[in-house]
Amino acid sequence: MEFEDLRGRTAVVTGGGRGLGRSLAEAFAAQGMNVALLDVLDGVEAAAEEIAADSGVSALGIRTDVTDTTQLEAAFARVSAELGTPQALLTAAGVTLLEPSTDITPEQWRRLQSINVDGTFFTAQAFARELIRAELPGSAVLVSSMSAHIVNVPQNQAAYNTSKAAVGHLAKSLAVEWAPKGIRVNAIAPGYFLSDMTKQFTETNPELAADWVSRIPMGRMGEPEDLHGLVAFLASDASRYLTAQSVVIDGGYTAI
């Protein structure tokens with residue numbers, strides 16, 4: 001499905017150097033959007049070059065730590081100067097932690113919340129500032145998780161669940177505040193998806209992976225491409241009256 005209004009616009013994707021972030025950047029590029037990938041990984045520039053070569057759009061890869069507001073400000077200024085003011089944002093930068101809550105150290109807790117919550121907020125803040133400065137509307141898609149709505153088992157992940165619940169409520173709060181500015185904010189709440197990191201984990205923990213799949217009514221984990229239509233729809237004017245929502249996409253996991 002193509003959303004013609006996206007063609008020629010600019011999207012920013014955090015965590016875009018690999019995994020789900022890169023896949024979703026490719027989804028935007030397939031819609032004819034110019035894309036900027038922000039990531040702490042060394043290979044983010046190469047990832048952008050590959051997307052540009054494959055899709056024919058303009059792409060930037062910028063080494064950026066989403067917890068550093070100075071780096072974010074510089075990255076968004078560069079994107080606006082080289083690709084045009086971004087009108088779509090997807091925040092895929094994040095980390096997880098499978099650890100009993102009694103064993104989590106203060107450093108582990110703070111690092112996870114800093115990346116998943118602070119990084120999401122500061123990125124959305126930088127995005128909104130650019131839009132308001134340019135007097136343009138836009139759409140932010142914050143990556144939450146089904147774990148924002150349930151406590152999925154058998155793994156222990158209290159820190160992660162808490163961070164993703166915060167992201168979901170952040171989307172609602174920003175959506176209400178920024179609606180008068182023409183900026184929509186929604187969250188997507190994926191279930192188990194076969195990103196690069198998840199594949200590495202399931203290959204070394206096959207029994208846990210089998211447990212997960214057994215709980216999914218559709219009988220499989222999601223593929224990154226299963227998110228493409230949703231994020232393109234949320235970024236486009238086709239969803240112009242949709243804001244402050246968290247869309248769960250989990251193969252039916254949270255329904256039972």
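Here are some friendly questions and answers about this predicted model.

Local features here need pLDDT of at least 70 and side-chain atom pairs count only at pLDDT 80 or more, while totals for chains, interfaces and linings use all residues. Residues are numbered from 1 along each chain as its sequence is written, and side-chain values use heavy atoms, with hydrogens and water left out.

Me: How many helices and strands does the protein chain have?
Reply: Helices (H or I, at least four residues) and strands (E, at least two) are taken as DSSP runs, numbered from the N terminus. Counted that way, the protein chain has eight helices and seven strands.

Me: What is the radius of gyration of the protein chain, and why does it count as compact?
Reply: The radius is taken over C-alpha atoms, and the globule rule is 2.2 Å times the number of residues to the power 0.38. For 256 residues the rule gives 18 Å, and the chain comes close to that, so it is as compact as a globular protein of that length. The radius of gyration is 17 Å.

Me: What share of the residues in the protein chain is buried?
Reply: Buried means under 20% relative accessible area, exposed over 50%, and partly exposed in between (1.4 Å probe, protein chains only). Of the 256 residues, the buried ones make up 50%.

Me: Which residues is leucine 98 in contact with, leaving aside its neighbours within four places in sequence?
Reply: Leucine 98 lies in the loop between strand S4 (88–91) and helix H4 (106–134), and is partly exposed at 35% relative accessible area. Contact means heavy atoms within 4.5 Å. With those neighbours set aside, the contacts of leucine 98 are Gln155, Asn156, Gln157 and Phe201.
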